[in-house]
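Please examine the model shown below before reading on. The paragraphs that follow consider the make-up of one chain, the confidence of its parts and its contacts with a partner.

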Amino acid sequence: MTAIVFDKVWKEYGDHVVLERIDLTIAPRAFVALVGPSGCGKTTFLRMLLGEETPTRGRILVDGKPLKAEPNADRGVVFQRYSVFPHLTVLANVMVGREFEEAPILGKLFGLRRREAETEALKLLDAVGLKGHEKKYPAELSGGMQQRLALAQALNRKPKILLLDEPFGALDPGIRADIHVLIRRIWNENNLTVVMVTHDLSEAFRLGTRVIAFERPRNRPEELERYGATLDDVSLADAMSKAGASITRDFEVWPKKIATPLPNGHGAQLELEVGSTDGNKPVG
Amino acid sequence: MRLLNLKPDKTWRFVLAALPFAAILVAYMFGSAIRLAENPDDKLLPNFGAMGEAIRHYALQADPRSGIYHLWNDTLSSLSLLLTALAISTLIALVFGIMIGLLPIAGATFGPVVAVASMVPPLALLPILFIIMGLGDAAKIALIVIGTTLKLTRDMALRVQDLPREQLIKAQTLGASTWQVGLRVVLPQMLPRLIDAVRLEIGPAWLFLIAAEAIAADSGLGYRIFLVRRYLAMDVIIPYVIWITLLAFLMDLALRLLQRRAFPWFAGARTA
């Protein structure tokens, strides 16, 4: 079980406060969607969770232990772009995680172990609907297929937390609907806590079990009183840059969505249905 | 139709590309003919017949004293120096460039020194190299290596830093160590870019080679040119220059083909 706790976390860059006093507990197997205007610190939040940035103040705990200060295999990630390796074929992109794990010196597997890793990767590719594309390079895939590949690649290391940084932002609506189905299935069938950053509110409510909004406090009454008439005044911008964003809304999505309990306790299982590309049907 | 929308098709492309070459040739032939009409012994603009005769002499007839075919001997000597030097600098640039670009500690240590050292004019170092290493091949190779390595290294480091940060993060979330990131993510993506960088350094490499050969050598294409200069032997110099140009062009072409063959993913990734 993977609960994530943000304990009074602040993030500042010099004078500039990005995030202010984030207190948050994310339940195991939750699907949290973070929304907010651009520049509100969603991505900074995700980067801290990734270990790419450290909080200026406060702590982040995963399962009661402080978060490691650099990215590792506990946390998988899919970015909006550049998530897959352009120089590796589709199959090699998925396999490479296993190769990192089992071949510390050469970073490459051979013989029987290679065939095992291939079989495993092919199963995953099948599950995300990329069967038949194994030998292609990412540049030959469409945007949606690249994101499917990025998902398969991340899942290959069976992370406990999956971080999604606007993963579907660049996709066409139809393709986005397909991949929504896939991501829900992945969340439902694995022991995964998902944290997704998005600027699409409807996507947040459709996918998330919980939606959290970040905002800068530009509407505080005391500020309006003080600066109300001087909206374009430099001092206002100045004051705003000093105030960091914080959580302004926190919804539990209703009706409540609960991931199916996993069959044998919480061993990560990856047995997705075969042929998941035809996913325009509404789910849930 | 606007000029900027006029696109030549394949045939036209070929014709247009051939046009400047033909113009140069014709202009030379005219100039040569005019001068030779005035003075049949003119050495400045020899006609193609004279050049062909001279080059046949250098390429197909062994030197009566040493039994050496000069053109091939010079080519072999120059190319072996050039290719050895380029191989050395490519290897150094690859290792140091990736280290400087990928590891902040290595970047902080070697970045500034490489940046400063690349400002030293390599030819100014030639006397020092001759003094330290003697007049042999080692000094010439060292000059080319010094002249090309630093730029190649800086280029590599910049290109490593150009890799999207997402890729490095992603590799780490897949459990990769620093070594594995370097080996499986950075190195293979740098190889085709290295080829591009080396292609641009072929020109400078020839420059340094010819400069070094001009000063001290007993064979080599640059040596020959500067040797026959004393006799105003334009009928040798011009074919030699064309030959050097052709060699450089072929090296460039070979690298381009290698890039396309060995890294089929690169063209797609570059435009993506």
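How many helices and strands are there in chain A? In this predicted model, chain A holds eight helices and 10 strands. Of its 284 residues, 42% are buried.

The average pLDDT of chain A is 79, and 81% of the residues score at least 70. Among the elements of this chain, helix H2 of chain A has the highest mean pLDDT, 92, whereas helix H7 of chain A, residues 221-227, has the lowest, 48. Residues 221-237 of chain A form a stretch with a pLDDT below 50, and this stretch has seven contacts in the model beyond near neighbours in sequence. A pLDDT below 50 is also found over residues 265-284 of chain A, a stretch with 35 contacts beyond near neighbours in sequence.

The remaining topic is the interface with chain B. Here 27 residues of chain A are in contact with 21 residues of chain B. Strand E6 (75-78) and helix H2 (90-102) of chain A each supply at least two residues of the side of chain A that touches chain B. Helix H2 of chain A gives the most to this side, with four residues; helix H2 is also the element of chain A with the highest mean pLDDT. By residue type, the side of chain A that touches chain B divides into 14 nonpolar, six polar and seven charged residues.

Terms used
Residues are numbered from 1 along each chain as its sequence is written. Chains are lettered from A and ligands numbered from 1 in the order in which they are written. This is a predicted model: local features need pLDDT of at least 70, side-chain atom pairs count only at pLDDT 80 or more; totals for chains, interfaces and linings use all residues. Two residues are in contact if their C-beta atoms, placed from the backbone, lie within 7 Å. Ala, Val, Leu, Ile, Met, Phe, Trp, Tyr, Cys and Pro count as nonpolar, Asp, Glu, Lys and Arg as charged, and the others, Gly among them, as polar. pLDDT is the predictor's confidence in each residue, from 0 to 100. A residue is buried if 20 or more other C-beta atoms lie within 10 Å of its own, exposed if 12 or fewer, and partly exposed in between; C-beta atoms are placed from the backbone.
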